[in-house]
Amino acid sequence: MTKAEKTRNFIVEKTAPIFNMKGYAGTSLNDITAATGLTKGSIYGNFANKDEVALAAFDYNLNNVSSRIEAEMNRQASIKDKLLVYIDIYQKFIDGSVSEGGCPVLNTAIDADDTHPKLRGRVLKAVLDWKNKIAKLVEAGIANKEINVNHNPEQIALTIIAMVEGGIMISKLTSKTEYWNLIMGSLKKYVDSLG
């Protein structure tokens, strides 16, 4: 890795939590320089503008979450257990042990929806990839007869995503983790009912 690549990675690692907590509009160049200890010239010597830093920070945050999900799914044998991994991993957003500031998909989707088309596009791709991954798991569960053939994989995928992201939003907004537990209890029942 070149010195420039190391510097870019350093900037992204240090700013990713800030973008996740404050959002694109709320993160200033002063925040970026304070987090990295670098000058504005150093930041702009490695990134063309704040947009590039924000996109790289989102990718970093998303990759952090995706790699944890993938690793945990690889430890599970059944399709239903693989689907339930989302509950365990996203629980860690509530306590802050996965990603400072919460879920980068939820945070960035809300932040960039009407304000930042490139960032919105990146989040949209992440959600569609997530939906497709869950749908493929459900299709595999149907093929191995773990999930009833009458279920619609896309509907299941969208329901799981909506329950997870909605659970995070409600729990974080109200500061009540018991709401997360109630919603995830419903999600577990939903996944169990797919058989």
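This is a predicted model: local features need pLDDT of at least 70, side-chain atom pairs count only at pLDDT 80 or more; totals for chains, interfaces and linings use all residues.

Reader: Why are α8 and α9 called roughly antiparallel to each other?

Author: The axes of α8, residues 153-174, and α9, residues 177-192, cross at roughly 170 degrees and come within 7 Å. Angles over 145 degrees count as roughly antiparallel, and therefore that is the term for α8 and α9.

Reader: Which residues make the contact of α8 with α9, and what is its make-up by class?

Author: On the α8 side the residues include Ile156, Ile160, Met163, Val164 and Ile168, and on the α9 side they include Trp180, Ile183, Met184, Leu187 and Tyr190. By class, this contact of α8 with α9 holds 13 nonpolar and seven polar residues, with no charged residues.

Reader: What makes α5 roughly antiparallel to α9?

Author: Here the axes of α5 and α9 come within 10 Å, and the angle at which they cross is roughly 175 degrees. Since the cut-off for roughly antiparallel is over 145 degrees, α5 is therefore roughly antiparallel to α9. Among the residues that meet are Leu83, Leu84, Ile87 and Tyr90 in α5, and Trp180, Met184, Leu187 and Val191 in α9. The contact of α5 with α9 divides into nine nonpolar, three polar and three charged residues.

Reader: How do you know whether α5 and α8 are roughly parallel or roughly antiparallel to each other?

Author: The axes of α5 and α8 cross at roughly 20 degrees and come within 11 Å. Angles under 35 degrees count as roughly parallel, and therefore α5 and α8 are described as roughly parallel to each other. The crossing in which α5 passes α8 is right-handed. Residues that meet include Tyr86, Tyr90 and Phe93 in α5 and Ile160, Val164 and Ile168 in α8, and the contact of α5 with α8 has eight nonpolar, one polar and two charged residues.

Reader: Where is glutamate 146 found, and with which residues is it in contact, leaving aside its neighbours within four places in sequence?

Author: Glutamate 146 lies in the loop between α7 and α8. With its neighbours within four places in sequence left aside, glutamate 146 is in contact with Ser78, Ile79, Lys80, Gly141 and Gly195, where contact means heavy atoms within 4.5 Å. The C-alpha atoms of glutamate 146 and lysine 80 are separated by 7.9 Å, although the two residues are 66 residues apart along the chain.

Reader: How much space lies in the largest pocket, and which element gives the most to its lining?

Author: The largest pocket holds about 260 Å³ of space. It is lined by 16 residues, of which Leu62, Ser66, Ala126, Asp129 and Trp130 are the closest to its centre. The elements that give two or more residues to this lining are α4 (50-74), α5 (79-95) and α7 (117-143), and α4 gives the most, with seven residues. By class, the lining of the largest pocket has nine nonpolar, one polar and six charged residues.

Key: Residues are numbered from 1 along each chain as its sequence is written. Side-chain values use heavy atoms; hydrogens and water are left out. On a 1 Å grid over the protein atoms alone, a cavity is a set of points where a 1.4 Å probe fits but cannot get out, and a pocket is an open set with protein on both sides within 12 Å along at least five of seven lines; lining residues have an atom within 4 Å of a point. Grid points are joined across faces, edges and corners, and a volume is the space filled by probe spheres set on the points. Helices (H or I, at least four residues) and strands (E, at least two) are DSSP runs, numbered from the N terminus. Ala, Val, Leu, Ile, Met, Phe, Trp, Tyr, Cys and Pro count as nonpolar, Asp, Glu, Lys and Arg as charged, and the others, Gly among them, as polar. Axes are lines fitted to C-alpha atoms, for helices over the stretch in contact, and angles run from 0 to 180 degrees between N-to-C directions. Angles under 35 degrees count as roughly parallel, over 145 as roughly antiparallel, 65 to 115 as roughly perpendicular and the rest as oblique. A crossing is left-handed if the near helix is turned anticlockwise from the far one by less than a right angle, and right-handed if clockwise.
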